[in-house]
Amino acid sequence: MTFEAYEAVVEDSSLEARGRERMALTLGIDRLERLGKGSFSAEDLVETLLYVRRLWAIFIEDLSHPENGLPEQLRADIISIGLWVIKEADRLRAEKSNDVVQLVEINRVIRDAL
C-alpha cells in the first residue's frame, strides 16, 4: 500500500468516526429534548441520562489516550466539558436539577463542531 493510499484510508476512517460521534450525540440530544418537553416516564429519564453519561465517558476515555490526535489543550478542554455533562446528568437523575436546556446546548455545540 502506498503512503497516499494509507493516508486516504486513515482520513476516511477519521471521517467515519466523526460521523458516528455526530449520530451518537444527535441521539442523546433528541432524548434530552424529549425530557425537556416534560412528558416522560421515570424509565425514560434514567435511560436517557445513562445514555448521555456513558457516551461522554467513552469520549473522555478516548480523549485521555496520548495517541488521540487532537492537541493536548483541546483534549483537556473537551474532557472538562464531558465531566460537566456527566455531573449535570447525575444532578438531573438525583432530582437536584430539572433543567436540560444547558445539556442540550453543550451537546449541540460539540456535535456541530465535529
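In this predicted model, helix α2 (residues 42-64) packs against helix α3 (residues 72-93) at an angle of about 160 degrees, with the axes 9 Å apart. Axes are lines fitted to C-alpha atoms over the stretch in contact, and angles run from 0 to 180 degrees between N-to-C directions. The two helices are therefore roughly antiparallel (angle over 145 degrees). Their crossing is left-handed, meaning that the near helix is turned anticlockwise from the far one by less than a right angle. Helices are DSSP runs (H or I) of at least four residues, numbered from the N terminus.

The contact (heavy atoms within 4.5 Å) involves V46, L49, L50, V52, R53, W56, A57, I60, L63 and S64 of α2. From α3 come R75, I78, I79, I81, G82, L83, V85, I86, A89, D90, L92 and R93. By class, 16 residues are nonpolar, 2 polar and 4 charged. Here Asp, Glu, Lys and Arg count as charged, and Gly is among the polar residues.

A search of the whole structure returns 1 aromatic pair (ring centres within 6.5 Å). W56 and F59 form this pair, with centres 5.2 Å apart and planes at 90 degrees. The geometry is edge-to-face (planes over 60 degrees apart). Both residues lie in α2, 3 residues apart, so about one helical turn separates them. W56 is buried, at a relative accessible area of 0%; F59 is buried too, at 12% (cut-off under 20%, 1.4 Å probe, protein chains only).

Residues are numbered from 1 along each chain as its sequence is written, and side-chain values use heavy atoms, without hydrogens or water. Local features need pLDDT of at least 70, and side-chain atom pairs 80 or more, while totals for chains, interfaces and linings use all residues.

Methods:
Rings of Phe, Tyr and Trp (its six-membered ring) pair if their centres lie within 6.5 Å; planes under 30 degrees apart count as stacked, over 60 as edge-to-face and the rest as tilted. Buried means under 20% relative accessible area, exposed over 50%, partly exposed in between (1.4 Å probe, protein chains only). Angles under 35 degrees count as roughly parallel, over 145 as roughly antiparallel, 65 to 115 as roughly perpendicular and the rest as oblique.
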